[in-house]
Amino acid sequence: MDQSGIGIAARNTEKALGAVGVSVSRSPHDSFDVLHLHWVGPRSYALARRAKRQGRGVVLSIYTPPDLVRGSFNLDRVLARAYGRYLRLFARQVDLFVVPSRYAGRAVTSFADGRPVRVVSSGVDLDRFAFDPGRRAAFRKAYGLDRPTVLCVGQVIPRKGVETFLNVAELLPDLDFLWVGPKVHPFLFYSPRFERLLRRRPPNVRFAGFVRGIESAYCGCDIFFHPSHGESLGLVILEAAAVGMPLVVRRLPVYDGWLKETENCLMGETPAQFAEAISSLRIAGAPLPNGLARDHALNHIGGDLLDVYAEVLR
């Protein structure tokens with residue numbers, strides 16, 4: 001979990017609250033006013049039930065609505081239905097839901113049973129994610145990068161657009177393509193076809209696995225390409241933008257309102273369109289930095305969370 005977007009978002013929440021002077025404890029045995037959960041496992045459910053019995057407020061952040069389970073797992077349709085039923089059960093213990101985007105909010109409203117759903121960005125730590133030429137040089141040396149490099153960050157699962165990433169790399173053999181992120185349990189996530197795709201990847205593609213100090217990877221590469229088929233926000237896009245990378249993303253409804261095509265990113269839907277966008281960035285130069293990441297800075301997020309907790313306590 002610590003290596004996932006959910007783990008990063010939970011840590012961002014803690015930092016954001018610290019920035020606005022809110023005391024946070026990770027121990028459920030400490031005294032607290034509001035229990036804020038970031039995961040929906042059995043232990044979280046038990047903690048929520050206990051907090052409700054004690055008359056304390058319960059807030060649940062949902063980062064993966066049921067529709068995003070599809071394309072992530074084997075037996076995804078069966079698991080999505082079971083997950084949806086479980087969330088409806090969990091909702092009875094929750095006073096307020098937090099989601100990272102309006103798009104995710106619409107999905108959560110369907111099982112929230114009338115409870116309020118509030119949009120609060122997962123945020124990005126601008127102190128951590130900033131361009132550093134020393135980190136760039138060290139990362140490129142460590143990974144032997146001597147050509148322009150296209151980066152993607154995320155778990156190696158079909159929903160993240162791995163096949164598209166490989167197809168685009170095949171169209172652009174003069175560039176290096178680096179995917180940073182862990183492979184996960186093969187029983188749930190991999191099919192023989194997907195494994196064949198990974199084995200037969202083009203020679204200019206490398207899967208680096210989990211990289212500690214991910215900000216170095218952003219600094220060390222040149223273009224951020226995120227071909228994911230579904231997101232609840234796209235936290236890695238904010239991290240790449242904070243470092244100043246030009247962005248190429250799939251055209252998805254979740255990005256409406258905060259990603260603006262040709263203004264702070266380029267978009268596409270097919271490998272040919274993505275390859276054209278990446279090539280144009282190499283010719284035209286990086287259009288960033290821009291104000292995209294600043295709107296999601298942790299101090300802003302801390303204020304939004306204070307409003308959420310005040311609503312629950314009322």
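Two strands are taken to pair if DSSP finds at least two bridges between them. Strands of a sheet pair through backbone hydrogen bonds, either parallel or antiparallel. In this predicted model, four strands form an open sheet with parallel pairing, in the order β1-β2-β3-β4. The edges of this sheet are β1 and β4 (117–119), and each of these strands pairs on one side only. On average, neighbouring strands of the sheet are turned by 25° against each other, direction ignored. Between β3 and β4, the parallel pairing extends over three bridges. Within this pair, valine 98 has arginine 118 in β4 as its bridge partner. Helix α2 packs on the sheet and touches β1 and β2 (57–61). The direction of α2 makes about 165° with that of β1.

A further open sheet is formed by six strands, also with parallel pairing, in the order β7-β6-β5-β8-β9-β10. Its edge strands are β7 (205–209) and β10 (266–268). Each has a single partner strand, so one side of each is left without a neighbour in the sheet. From one strand to the next, the twist averages 25°. Strand β5 (residues 149–153) pairs with strand β8 (residues 223–226) in the parallel sense over two bridges. Valine 150 stands opposite isoleucine 223, which belongs to β8. Helix α6 (residues 162–171) lies across β5, β6 (176–180), β7, β8 and β9 (247–250). Relative to β6, helix α6 runs at about 165°.

Two helices, α1 and α12, were also examined as a pair. Their axes come within 8 Å and cross at roughly 85°. Angles of 65 to 115 degrees count as roughly perpendicular, and α1 and α12 are therefore roughly perpendicular to each other. On the α1 side, the contact involves Asn12, Thr13, Lys15, Ala16 and Leu17, which meet Leu298, Ile301, Gly302, Leu305 and Tyr309 in α12. By class, the residues of this contact divide into six nonpolar, three polar and one charged.

Empty space within the structure was considered next. Rolling a probe the size of a water molecule over the atoms shows where empty space is left. The second largest pocket has a volume of about 1,100 Å³. Its lining consists of 32 residues, of which Val24, Ser25, Arg26, His36 and His38 are the closest to the pocket centre. At least two lining residues are supplied by each of α1 (5–19), β1 (34–37), α2 (42–53) and α12 (298–313). Helix α1 gives the most to this lining, with seven residues. The lining of the second largest pocket comprises 16 nonpolar, nine polar and seven charged residues.

The structure also holds two cavities of 30 Å³ or more. The largest cavity has a volume of about 80 Å³. Among the 14 residues that line the largest cavity, those closest to its centre are Thr13, Tyr63, Val98, Val120 and Ser121. Two or more residues of this lining come from each of β3 (96–99) and α12. The lining of the largest cavity has eight nonpolar and six polar residues, and no charged ones.

Key: Residues are numbered from 1 along each chain as its sequence is written. This is a predicted model: local features need pLDDT of at least 70, side-chain atom pairs count only at pLDDT 80 or more; totals for chains, interfaces and linings use all residues. Side-chain values use heavy atoms; hydrogens and water are left out. On a 1 Å grid over the protein atoms alone, a cavity is a set of points where a 1.4 Å probe fits but cannot get out, and a pocket is an open set with protein on both sides within 12 Å along at least five of seven lines; lining residues have an atom within 4 Å of a point. Grid points are joined across faces, edges and corners, and a volume is the space filled by probe spheres set on the points. Ala, Val, Leu, Ile, Met, Phe, Trp, Tyr, Cys and Pro count as nonpolar, Asp, Glu, Lys and Arg as charged, and the others, Gly among them, as polar. Axes are lines fitted to C-alpha atoms, for helices over the stretch in contact, and angles run from 0 to 180 degrees between N-to-C directions. Angles under 35 degrees count as roughly parallel, over 145 as roughly antiparallel, 65 to 115 as roughly perpendicular and the rest as oblique. Contact means heavy atoms within 4.5 Å.
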